[in-house]
Amino acid sequence: MFLNTRIKSHHHILNEEAFKLFSSNEHSFRVSEVQSDSFTLSIESLKNEDEEKFLARAHSIIEYYLVAINIATLGHFSWDFYMVSPVPYFKSEKSGVFENFIFLHKKSGYKADEELLEINTDLVWRSLKVMLALGNERDDGTSGTPLK
């Protein structure tokens, strides 16, 4: 069993070569379908692993990797929410009022004039090192807070 998700890059131009470290089918942590602005991240379950435990473990690994790649690249990576559903918003004449529900279906960039950087193998290696360091932390808040 696999838990798969799409990861979106908002600051780097991606390429398959940079993620070669994670492309092997021999590993339970895999990156595939690399495009210039996103990639698929897959976590494979352990043999005979309980499904609920697997899903919790895999989600934690993905959270840690998101934190790690953001730190290692000084970039901005997130889940690709457009893959799941449009982002919900409410528009109104006053702040904090939730009266007119809208969906944004069109992808749009928030950084109009910002230069995109090329990702490379060194940055991906650095992300693995950061993820391993985060994995050794005993504080449960290590992954959640930076993801906000």
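A residue is called buried when its relative accessible area is under 20%, and exposed when that area is over 50%. Phenylalanine 19, with a relative accessibility of 1%, is therefore counted as buried. Please bear in mind throughout that this is a predicted model.

**The whole chain**

Begin with the protein chain in a cartoon view. Four helices and eight strands are present. Read from the N terminus, their order is β-β-β-β-α-β-α-β-β-β-α-α. Of the 148 residues in the chain, 34% are buried. If a surface is now displayed, its accessible area is about 9,900 Å², and carbon and sulfur atoms account for 53% of it.

**Phenylalanine 19 and phenylalanine 39**

The aromatic pairs come next; the chain has four of them. Select phenylalanine 19 together with phenylalanine 39: their rings form a tilted pair, 4.8 Å from centre to centre and with 40 degrees between the planes. Phenylalanine 19 is located in the loop between strand E2 (12-13) and E3, whereas phenylalanine 39 belongs to strand E4, so the pair ties together parts that are 20 residues apart in sequence. Is phenylalanine 39 buried or exposed? Its relative accessibility is 0%, so phenylalanine 39 counts as buried.

Move on to phenylalanine 22 and phenylalanine 29. These two rings make an edge-to-face pair, with centres 4.8 Å apart and planes at 65 degrees to each other. Phenylalanine 22 has a relative accessible area of 5% and is buried; phenylalanine 29, at 11%, is buried as well.

**Lysine 8**

Select lysine 8, which is part of strand E1 (residues 2-9). Is this lysine 8 side chain's residue buried or exposed? Lysine 8 has a relative accessibility of 16% and therefore counts as buried, given that the limit for buried is under 20%. Which side chain makes a polar contact with that of lysine 8? The partner is aspartate 37, at 2.5 Å.

**Two loop residues with positive phi**

The last stops concern the backbone. Most residues other than glycine have a negative phi. Go to glutamate 33, in the loop between strand E3 (29-32) and strand E4 (38-44). Although glutamate 33 is not a glycine, its phi is positive, at about 45 degrees. With a relative accessibility of 58%, glutamate 33 counts as exposed.

Then select leucine 74, in the loop that lies between helix H1 (51-73) and strand E5 (77-79). Leucine 74 is likewise not a glycine, and its phi is positive, at about 50 degrees. Is leucine 74 buried or exposed? Its relative accessibility is 71%, so leucine 74 counts as exposed.

Conventions: Residues are numbered from 1 along each chain as its sequence is written. This is a predicted model: local features need pLDDT of at least 70, side-chain atom pairs count only at pLDDT 80 or more; totals for chains, interfaces and linings use all residues. Side-chain values use heavy atoms; hydrogens and water are left out. Buried means under 20% relative accessible area, exposed over 50%, partly exposed in between (1.4 Å probe, protein chains only). Accessible areas come from the Shrake-Rupley method with a 1.4 Å probe; for residues, only the protein chains shown count as cover. Rings of Phe, Tyr and Trp (its six-membered ring) pair if their centres lie within 6.5 Å; planes under 30 degrees apart count as stacked, over 60 as edge-to-face and the rest as tilted. A polar contact is a pair of N or O atoms within 3.5 Å; within protein, one must be able to donate a hydrogen and the other to accept it, and residues adjacent in sequence count only if both atoms are side-chain atoms.
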